Amino acid sequence: MVIGLLSGIVMGFLVSMPPLGPVTLAVLSKGLEEKHHDGLSIGLGAALIDALYAIIAIGGISLIITILPSSVTSYYNTHEKYISVILTYIGGIFVFLYGIKLLKSKQYEPPKEQAKKIHSRAERAQRFLEETTRKVRRFSFFSVFTALKENGSKQIITGAALAFSSITLPASWIAIASVLKSYRFIERTYESNALFCVGVFVGTYLWFFTLLKGIAINKHRIGNATILGILRSAGIILIALGIVLLYHAYQSPFQLL
């Protein structure tokens, strides 16, 4: 069973690593803006979707179907392809709009520059700078609990929506689960399957935490103009990806005729 957990952690980490995914770009942008808690929440939302796909990949879809009313499952089975098209449209629109948001990014101001602009006593500016610095220093693997208190639910939804927009992710997890089962990394028991899904969640979250931590440690080496360029480049990539998703959704109904 422990092997199933470790397999999930490793696969969750590796599957999340490709650098041009919409979630990675969103987390990257939050890290460059020193909004680490927002980045963690986005990563948490993506981890939840990865864990859900892992559940479906190891056969948990049958359990989910048994929980739903028969009318719902019957409707889904009849209109599965059309529902997929609608979800692709939603994902494409969300990715496109998030790309526009990044493309409109303004010049980033470090905490020191923001503190100088506070038109008040010097003590207030100093307190602002100290509080910002303290948040960065206290940023750790378990900072997600603090993130949830700071508008985290909105960012979790953002991360989940961006992860859900990937039309290749479900097939990837099905293939991965099949290979791991064939080599007995995942035993055919409820406990092993559950631990694998938990591992996928932890591994995915671990990758985004590692990404944010790396940015926090090395960000002082990156100029503000470079940060702005990265954010806007990420926006362009997401806009292009959104257009591809929308085109794919547009083409799908013609393939169903």
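Begin by selecting α1 and α10, whose axes come within 6 Å and cross at roughly 35°. Axes here are lines fitted to C-alpha atoms, for helices over the stretch in contact, with angles running from 0 to 180 degrees between N-to-C directions. Helices (H or I, at least four residues) and strands (E, at least two) are DSSP runs, numbered from the N terminus. The model is a predicted one, in which local features need pLDDT of at least 70 and side-chain atom pairs count only at pLDDT 80 or more, while totals for chains, interfaces and linings use all residues. Residues are numbered from 1 along each chain as its sequence is written, and side-chain values use heavy atoms, with hydrogens and water left out.

**The contact of α1 with α10**

The crossing of α1 past α10 is right-handed; a crossing is left-handed if the near helix is turned anticlockwise from the far one by less than a right angle, and right-handed if clockwise. On the α1 side, display G4, L5, S7, G8, I9, G12 and F13. The residues they meet in α10 include S192, F196, G199, G203, W207 and T210, where contact means heavy atoms within 4.5 Å. This contact divides into ten nonpolar, nine polar and no charged residues. Ala, Val, Leu, Ile, Met, Phe, Trp, Tyr, Cys and Pro count as nonpolar, Asp, Glu, Lys and Arg as charged, and the others, Gly among them, as polar.

**Aromatic pairs**

How many aromatic pairs are there? The count comes to two, with rings of Phe, Tyr and Trp (its six-membered ring) taken to pair if their centres lie within 6.5 Å; planes under 30 degrees apart count as stacked, over 60 as edge-to-face and the rest as tilted. Select F13 and W207, an edge-to-face pair at 5.6 Å centre to centre, with 85° between the planes. Because F13 lies in α1 (residues 2-15) and W207 in α10 (residues 190-218), the pair ties together parts that are 194 residues apart in sequence. F13 counts as partly exposed at 22% relative accessibility, whereas W207, at 12%, counts as buried. Buried means under 20% relative accessible area, exposed over 50%, and partly exposed in between (1.4 Å probe, protein chains only).

Next, select W173 and F196, an aromatic pair that is edge-to-face at 6.4 Å centre to centre, with 75° between the planes. This pair links distant parts of the chain, with W173 in α9 (residues 169-182) and F196 in α10, 23 residues apart. W173 counts as buried at 0% relative accessibility, and F196 likewise counts as buried at 0%.

**The contact of α1 with α9**

The axes of α1 and α9 come within 12 Å and cross at roughly 145°, and the crossing is right-handed. In α1, show S7, M11, G12 and V15, which meet L169, W173, I176 and L180 in α9. The residues of this contact divide into six nonpolar, two polar and no charged.

Move to S16, in the loop between α1 and α2. Is S16 buried or exposed? S16 is buried, with a relative accessible area of 8%. Leaving aside residues up to four places away in sequence, S16 touches T24, D50, T204, W207 and F208.

K35 is found in the loop between α2 (22-32) and α3 (36-67) and is partly exposed, with a relative accessible area of 39%. Select L212 together with K35: the two are 177 residues apart in sequence and 9.5 Å apart in space, C-alpha to C-alpha.

The next stop is R184, placed in the loop between α9 and α10. Its phi is near 65°, a positive value in a residue other than glycine. Most residues other than glycine have a negative phi. R184 is exposed, with a relative accessible area of 69%.

**The whole chain**

Buried residues make up 38% of its 257 residues. Among contacts between residues at least 6 apart in sequence, 84% join residues at least 24 apart.

Colour the chain by pLDDT, the predictor's confidence in each residue, from 0 to 100. The chain averages 77, and 70% of the residues score at least 70. Confidence is highest in α1, at 92, and lowest in α5 (residues 111-116), at a mean of 49. Where pLDDT is low, the predicted coordinates should not be read in detail.
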